[in-house]
There are 4 protein chains.
Amino acid sequence: VEGFRFSTDVQVRFAETDAQGIAHHASFLVWCEVARIEWLATHTGGYRRIQEQGIEALTTAAHLRYVRAAYFDDRLTVWARCVDVRGARFRYEYAFERAGELVADGWTAHATVDRLTHRPTRVPVWFVEAVARVESGNGSGG
Amino acid sequence: VEGFRFSTDVQVRFAETDAQGIAHHASFLVWCEVARIEWLATHTGGYRRIQEQGIEALTTAAHLRYVRAAYFDDRLTVWARCVDVRGARFRYEYAFERAGELVADGWTAHATVDRLTHRPTRVPVWFVEAVARVESGNGSGG
Amino acid sequence: VEGFRFSTDVQVRFAETDAQGIAHHASFLVWCEVARIEWLATHTGGYRRIQEQGIEALTTAAHLRYVRAAYFDDRLTVWARCVDVRGARFRYEYAFERAGELVADGWTAHATVDRLTHRPTRVPVWFVEAVARVESGNGSGG
Amino acid sequence: VEGFRFSTDVQVRFAETDAQGIAHHASFLVWCEVARIEWLATHTGGYRRIQEQGIEALTTAAHLRYVRAAYFDDRLTVWARCVDVRGARFRYEYAFERAGELVADGWTAHATVDRLTHRPTRVPVWFVEAVARVESGNGSGG
């Protein structure tokens, strides 16, 4: 997959499979979250740094396309990039690969809100800067 | 919400919440599945009837839009309808309501495949007929 | 099963099964929680009433014995009773039945703590009274 | 913790937390499974090798004791050892540590069964030998 500069690996847990013998489709949404958290840990001070500023990042939309089934014990590479940061909103895009084959892709949309009131609050400047630094040169795709 | 003729209720479990104090966004994907299964149980012989014909219905895409947070113990009405049945493919659309307010909406896309080979196989006729019978008059929306 | 006066039903969700084709063993722990919540809703003002007093009930131990496999779409009756209320501690016992057959049983232990400090705090009097009222005559079993 | 020779690490996912702000207690059961799978991958040919012989290892009991809460993003060391292998049965014991502090411990019991009939079938010899090789010198504890 092109245009991604960050990836993390997940291994399909037995608890994440279902009676069709494959990874349950909701598991991919959890793995997207794992990749976002890891992106934040690598490129900023981690999600806790957002929380320490009294901010939570809510998920406002999610889109997944399943191309191939994933199986128990498969090691998947989850590519992730942060795009479209504007005001209190940003998006992440993902591609799941197994041995170089595309397994799934998708995106999630997020909004930063005040932790107590849940009112929209601008994405912290250091986050905007981290995205600019990390993702510059990426096409937004999506 | 308009255009839906079927709904089922789910109650937000404690295990489905997260440290933001709200229902985790992946839980909605599980509730979509609960609604599909219940739709099938109500309008056809249930998912097991599909399986008994050596067929599995895979999820090929999912899209969710989160409008309001859901909380522990909330009772959500999940509206569901089956649309766009063609060949080996069909979609479900969903709207989540709490006390008349829209909490989330979305859709999932599915493909019927042979249980053993995972090759595409046409949606059973009785399923096509059930959709025609139940959803006639629905706008497909999307 | 004997000695139980309360039960609630759960239906095995597809997402709760695993690649062995059966309900994943961790799902039972979630269903125990569903039964506790329902017990509280039926016999007291619900778990939210505990929370409103600035108290959380933590789980301090869990024990499950799996006798028969449960399958997708199975309707299980979860019998639950509250026992051994003392100070800041109480236990729940469970039995899972399908069509009169024992599927699993077990217990969970809990401690009430202050919501902010997580320090032990006595179980509210109205909870003690509810247990006495509901479970009197039960053997504690275990 | 003493008597363990194998450990693997898990990091608490956001999806694994609940509205109490801590890791949900059922998550620990999933992490036990992750540790067993990793134990098998390290010391034998992995769980798939068991499956390839037409055998499944069912979980017949589980016991967990929660000593301290675990939080989002915590890195936990899961110590695991296989004990009490007899006929078609074996157990695993676990201890969860965070920065040298005990967070939880417990055990799970398992039975090997024929994959199709679910009838008890002896634990494969190579598994018995792997346990003898890896765990020799361990006290069984439990």
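**Salt bridges, helix packing and symmetry in a predicted model**

At 18% relative accessibility, D:Asp105 counts as buried (under 20% relative accessible area; exposed is over 50%, partly exposed in between; 1.4 Å probe, protein chains only). The structure is a predicted model, in which local features need pLDDT of at least 70, side-chain atom pairs count only at pLDDT 80 or more, and totals for chains, interfaces and linings use all residues. Side-chain values use heavy atoms, without hydrogens and water; residues are numbered from 1 along each chain as its sequence is written, and chains are lettered from A and ligands numbered from 1 in the order in which they are written.

The side chain of D:Asp105 forms a salt bridge with that of D:Arg65, at 2.7 Å from N to O. A salt bridge is a side-chain nitrogen of Lys or Arg within 4 Å of a carboxyl oxygen of Asp or Glu. This pair links distant parts of the chain. D:Asp105 lies in strand S5 (residues 101–114) of chain D, and D:Arg65 in strand S2 (residues 55–66) of chain D, 40 residues apart. Helices (H or I, at least four residues) and strands (E, at least two) are DSSP runs, numbered from the N terminus. D:Arg65 is partly exposed, with a relative accessible area of 40%.

Over all chains, the count comes to 44 salt bridges. In chain A, the side chains of A:Arg98 and A:Asp74 meet at 2.7 Å, N to O, in one of these. A:Arg98 belongs to strand S4 (residues 89–98) of chain A. A:Asp74 sits in the loop between strand S2 (55–66) and strand S3 (75–86) of chain A, and the two residues are 24 residues apart. Both partners are buried: A:Arg98 has a relative accessible area of 18%, and A:Asp74 one of 10%.

Another salt bridge pairs C:Arg48 with B:Asp74, at 3.5 Å from N to O. This pair crosses between chains. It runs from helix H2 (residues 47–52) of chain C to the loop between strand S2 (55–66) and strand S3 (75–86) of chain B. C:Arg48 is partly exposed, at a relative accessible area of 36%. B:Asp74 is buried, at 11% relative accessibility.

Helix packing was examined in chain C. Helix H1 (residues 27–43) of chain C packs against helix H3 (residues 125–135) of chain C at an angle of about 90°, with the axes 11 Å apart. Axes are lines fitted to C-alpha atoms, for helices over the stretch in contact, and angles run from 0 to 180 degrees between N-to-C directions. H1(C) and H3(C) are therefore roughly perpendicular to each other (65 to 115 degrees). H1(C) contributes C:Trp39, C:Leu40 and C:His43 to the contact (heavy atoms within 4.5 Å). H3(C) contributes C:Phe127, C:Ala130, C:Val131, C:Arg133, C:Val134 and C:Glu135.

C:His43 lies in helix H1 of chain C. C:His43 touches C:Phe6, C:Ala130, C:Arg133 and C:Val134, not counting residues up to four places away in sequence. C:His43 and C:Arg133 are 90 residues apart in sequence, yet 9.1 Å apart in space, C-alpha to C-alpha.

Chain A can be laid on chain C by a turn of 180° and a shift of 0.0 Å along the axis, with an RMSD of 0.0 Å. That is the relation of a two-fold axis. Copies are superposed by least squares on the C-alpha atoms of residues with pLDDT of at least 70 in both. In chain A, the C-alpha nearest the axis belongs to A:Asp18, 1.9 Å from it. The same surface serves both copies, as 100% of the contact residues of chain A recur in chain C.

Note on methods
Angles under 35 degrees count as roughly parallel, over 145 as roughly antiparallel, 65 to 115 as roughly perpendicular and the rest as oblique.
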